[in-house]
Amino acid sequence: MNLLELIDPLTLTGFARQALRDLDQNQFTLSRYFPQREVNDIVFRFSSGQGGLANTAKFRSYDTEVPIGQREPVSRKTMEMPPIGEKLFLSEYERYRLLNNTDEAVAQVYNDTATTIRSVLARMEVARGRALIDGALNINENGVIQTVDFGRDAGHSVTAAATWATTTTDILDEILSWMETYNDTNGALPGGILTTRKVWGYMLKNDSFRNLAYYGATAPTRLGSTELQGVLADQGIPPVVTNDAKVNVDGAATRIIDEDTFIFTPPTDGAAGATVYGTTLEAVENLNLTGAAAPGVVAFLDRSDRTPIQYWTSSAARGLPILGDPDWTFVADVTP
């Protein structure tokens, strides 16, 4: 049984791309702020800083010249998308066990494809987290050294005046002040808040929120989550979403969002950036993909006819998260 005769690489790639979309929606949720985008290239050119306040035109009297406007300041950047991928080996022993069961052998290839796609997306999610928190990407691994500063305004990367771990810290006033800064920059308020259970716990126990929830009555030492979301809404503060996801990086459990981080997210999902996927050599040379079908992740099975015969299930992509409009995000360290 030659597995290459049973596995259509185009069908396997279609499965891989659907798996990527499903994982982005259900597990690696920072795709909400970095939706998938494909470009048929290995570099991506983007304009940073297209947000900000809208410039106003001026009324004019009849027969007078139209005033000259001004363009928004934009920084044009080019980023090379590094290759990323993973492969899994189907051992000689596994091949013997599957020798007379073609359905199970094919299923194993598809399972391995799903595993490799999950690994690719886990690395992308780490990069998306760093882009949100740092306003930059600093990659130094496996021979890839790449640094990109997306240019977020310094006033959008702040430290709390006092630690939120203390219940008497006026968290409410600080959040409202940060919202004014956000609005001064963008002419709009943030659409949401992204943080961790630890920071959410500080907010649940904070005196300013407890007193608002139980004005004139004895407040419990800790609010319920629904109660606090209601208090925030009453104060015009957007809803909070927590993210405590972790992935395995070189054997170590690694957080996607730093534990003491508080983030304002854009009023519209995807306003700040995208996860951009380019075109791989595998897509062009192994699968003969062209045009709009070429960019994105691909999956395929390789066979080596040396002794013993070996099979490798591989997934390949080129891509990075891009924070094209970084000032639509605002990040605070709340435990200085």
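1. Arg128 and Glu125 are three residues apart in helix H3 (residues 102–134), and so are separated by about one helical turn; helices here are DSSP runs of H or I of at least four residues, strands are runs of E of at least two, and both are numbered from the N terminus. Their side chains meet in a salt bridge with an N to O distance of 2.8 Å, the term meaning a side-chain nitrogen of Lys or Arg within 4 Å of a carboxyl oxygen of Asp or Glu. Arg128 and Glu125 are both buried (buried is under 20% relative accessible area, exposed over 50%, partly exposed in between, with a 1.4 Å probe and protein chains only). Asp24 joins Glu125 and Arg128 in a network of salt bridges.

2. The model is predicted, with local features requiring pLDDT of at least 70 and side-chain atom pairs counted only at pLDDT 80 or more, whereas totals for chains, interfaces and linings use all residues. Residues are numbered from 1 along each chain as its sequence is written, and side-chain values use heavy atoms, leaving out hydrogens and water.

3. The whole structure contains 13 salt bridges. One of them pairs Asp269 with Arg32, whose closest N and O atoms are 3.1 Å apart. Asp269 lies in the loop between strands E12 (261–265) and E13 (274–277) and Arg32 in the loop between helix H1 (9–26) and strand E1 (36–38), so the pair ties together parts that are 237 residues apart in sequence. Asp269 is partly exposed at 44% relative accessibility, as is Arg32 at 39%.

4. Arg197 and Asp244 also form a salt bridge, at 3.5 Å from N to O. This pair links distant parts of the chain, 47 residues apart, with Arg197 in helix H5 (residues 197–205) and Asp244 in the loop between strands E9 (240–242) and E10 (246–249). Arg197 is exposed, with a relative accessible area of 61%, while Asp244 is partly exposed at 23%.
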